[in-house]
Amino acid sequence: MADNKHYPRGFEDRIKLADAVPLPSPLLIQCEPSSVCNLKCNYCIHGQKIKKKHPGRLTMNYVTFVTLCAQIKEFKEPVKQFNFCGWGEPLINPYLSKMVKFAKEKQIAKNIAVVTNGLLLTPKTFEKLVNVGLDSLRISLQGLTTDRYREVTGQNVDFESLINFIARLYKIKGSCELVVKFADVNITEKDERLFHTTFDPITDRAYIELIKPVFEPAEDTTTSRYRVDHEPVIICPQPFYMMDVNAWGDVTPCCSYESPFIDTNILHTTLKKIWDGRQMKSLRLMQLSGRRKHQQSVPACKYCNIPGANIGPGDDLSGNAKEIKKRLL
């Protein structure tokens, strides 16, 4: 269904969401191993003066992760994709490889990926992740030169050394998919050609991701992060197919920093209860009403710009809202 030029792996066989909801299990679960990051990118929460949800920052402890995996196994159908990612850098968590190993052993998802900026990665760490069965490593680049890295991240990064490092990873990756994505922050056509010339030969996939503002009110975007044009997104599809668990164990129905949920932590309840529960149902019905931008009950959704940025092939629910609402009721 999807054009490989624009989308990450897994989008090729993406279902038509309108025909499948309500789903008995989420298709995607994301886990934040760390809320801490080693970079301060100027477009990210770590580089902006954004009020933090928690006074401190931390890494997810291993017991919480084991609890998460046990709750995932309670779903009737297997989860398609499990990502170690979030607002922090996953490699900061010292238990990451142990978490990947446990997740693979418990078969919590068909595909398990780690999304990282790559700067804390070593060949030894990567080999460990490969050996415990990691399916995909996605490295997010923040520039194509040392100067650009300094401008965007506030860090001095030797870009030539980073290229050589990624080339080395490609040689030892085994069956693990190695992906490089690049943040489209004021790049030129020359930059784009350089990116593909450099990374297409040393990765399984290299693509450019369009950065969209998510921390302040803005007009709905009609171009996704995958650089695909689309109609304005009236209904956010994320609560219909995914869940996100942060380093504290708090659960949100999407990848937004601000959650529309209250008191949904896996240490107090379960993923399945949240997925099938009152808050999720109310949120989905609000979305199906088409008044996401014109309601007051869920501020996190009213001012959110993520739906238009993250919309993927088969995600549009607007033409089937009435029918889906009947299924939910």
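Strands E2 and E3 run parallel and are joined by five bridges, and within this pair Phe82 stands opposite Ile112 of E3. Helices (H or I, at least four residues) and strands (E, at least two) are here DSSP runs numbered from the N terminus, and two strands pair if DSSP finds at least two bridges between them. The model is a predicted one, in which local features need pLDDT of at least 70 and side-chain atom pairs count only at pLDDT 80 or more, while totals for chains, interfaces and linings use all residues. Residues are numbered from 1 along each chain as its sequence is written, and side-chain values use heavy atoms, with hydrogens and water left out.

On its other pairing, E3 (residues 109-116) meets strand E4 (residues 136-141) in the parallel sense over four bridges; there, Thr116 has Ile139 of E4 as its bridge partner. Seven of the eight residues of E3 are buried, so this strand is largely enclosed by the rest of the structure. Buried means under 20% relative accessible area, exposed means over 50%, and partly exposed lies in between, with a 1.4 Å probe and protein chains only.

E2, helix H3 (residues 96-105) and E3 make a right-handed β-α-β unit, and E3, helix H4 (residues 123-131) and E4 make another right-handed β-α-β unit. A crossover is right-handed if, with the strands pointing away from the viewer, the path from the first strand over the helix to the second runs clockwise.

Helix H3 has Leu96, Ser97, Met99, Val100, Phe102 and Ala103 buried. The buried residues of H3 pack against H2, E2, E3 and H4, where a contact means heavy atoms within 4.5 Å. Helix H2 (residues 62-72) in turn lies across strand E1 (28-31), strand E2 (79-84) and strand E7 (242-245), and runs at about 165° to E2. For such angles, axes are lines fitted to C-alpha atoms, for helices over the stretch in contact, and the values run from 0 to 180 degrees between N-to-C directions.

Eight strands form an open sheet of mixed pairing, in the order E6-E5-E4-E3-E2-E1-E7-E8. Strand E6 (205-210) and strand E8 (251-252) stand at the edges with a single partner strand each, so one side of each is left without a neighbour in the sheet. Strands of a sheet pair through backbone hydrogen bonds, either parallel or antiparallel.

Strand E5 (residues 177-184) runs parallel to E6 and is joined to it by six bridges, with Phe182 having Ile208 as its bridge partner in E6.

For the chain as a whole, the secondary structure comes to 12 helices and eight strands. Of its 329 residues, 54% count as buried. Among contacts between residues at least 6 apart in sequence, 72% join residues at least 24 apart. Leaving aside residues up to four places away in sequence, Thr269 touches Gln71, Thr264 and Ile274; the C-alpha atoms of Thr269 and Gln71 are separated by 9.5 Å, although the two residues are 198 apart along the chain.

Some backbone values also deserve attention. Most residues other than glycine have a negative phi, and most peptide bonds are trans. Gln107, in the loop between H3 and E3, has a positive phi of about 50° although it is not a glycine, and this residue counts as exposed at 59% relative accessibility. Asp263 lies in the loop between E8 and H8; its phi is near 55°, and it is exposed with a relative accessible area of 61%. A cis peptide bond with omega of about 5° joins Val21 and Pro22, and Pro22 lies in the loop between helix H1 (17-20) and E1.
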